[in-house]
Amino acid sequence: MCSLEVNPTRIKVAVLDDHPLIRNAFEYALQHSNEMVLVASCATRQEMSAVMKHQEIDVLVLDYLLSGSDADGLVMVRSFLSHYPELKILISSSLESPAIVQLVMQAGVKGFIGKSKNFSEVAAAIQVVASGKQYISSDMQFELDKSTEQDRSMVPYIQPREVTPDAALLIRVLSPREIEVVRCYLDGMSLKQISEKYMRHIKTISGQKQSAIRKLGLRSDAELFKFKDYLK
């Protein structure tokens, strides 16, 4: 069963993670908590979507990468928030990357916690997010600040490109593998799904996407969508 007992006086926490050990850890850690209660523990997006139809949730702890056919965290964040705009989401991930943090925070999540953290910090993050504030660990904030400073230093050397009638010519600077990765990404596939489709490591897929962004003179994943019509 995905749904668990509800205690309305505590922060209602739901966990979406495909690893049973993670779900068990939450169940064990929160069963005697005075501040929080675990109302749902699910392995798939479909299970969690079904729970949300009848269960009120204060904070959803969401694994960024789910196995199988589930989309990556960014797609799930947008999907959940489109249906439940008041939902507070805390991303949990073993991919502790400043780029991922920036993407999910821009998409509307309230916090990010790496899976390398102990549960006391996870619990603190849940409480901060439940209060409506944003949570990012101090070490991740340091990495974000460093990344932002590096991006700022490169701005004078990178001229953002506008999509013009000659945009199709820009695509020619991409390698065939970069084109196939970007095409799949723009079609809604997660990096994990692209990795499985082409049998290449997810880090290779991510690197090819980032290389395409740099070659096109873009500054974010969102700007890739300007080129979607030219990649069909």
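**Helix α1 and its surroundings**

In helix α1 (residues 20-30), the buried residues are Arg-23, Phe-26 and Leu-30, where buried means under 20% relative accessible area, exposed over 50% and partly exposed in between, with a 1.4 Å probe and protein chains only. Seen down the axis of α1, these buried residues fall within an arc of 60°, so they line one face of the helix; the arc is that of the directions from the helix axis to the C-beta atoms. This is a predicted model, in which local features need pLDDT of at least 70 and side-chain atom pairs count only at pLDDT 80 or more, while totals for chains, interfaces and linings use all residues. Residues are numbered from 1 along each chain as its sequence is written, and side-chain values use heavy atoms, with hydrogens and water left out.

**Around α1**

- The face of α1 turned away from its buried side carries the exposed residues Leu-21 and Tyr-28.
- The cover over the buried residues of α1 includes β1 (11-16), β2 (36-42), β3 (59-63) and α5 (119-130).

**Helices α2 and α3**

- Helix α2 (residues 45-52) and helix α3 (residues 73-83) pack at an angle of about 15°, with their axes 12 Å apart.
- That makes α2 roughly parallel to α3, a term for angles under 35 degrees.
- Arg-45, Met-48, Ser-49 and Met-52 in α2 meet Val-75, Met-76 and Phe-80 in α3, contact meaning heavy atoms within 4.5 Å.

**The whole chain**

- The secondary structure of the protein chain comes to 10 helices and 6 strands, which are DSSP runs of H or I over at least four residues and of E over at least two.

Technical notes. Axes are lines fitted to C-alpha atoms, for helices over the stretch in contact, and angles run from 0 to 180 degrees between N-to-C directions. Angles under 35 degrees count as roughly parallel, over 145 as roughly antiparallel, 65 to 115 as roughly perpendicular and the rest as oblique.
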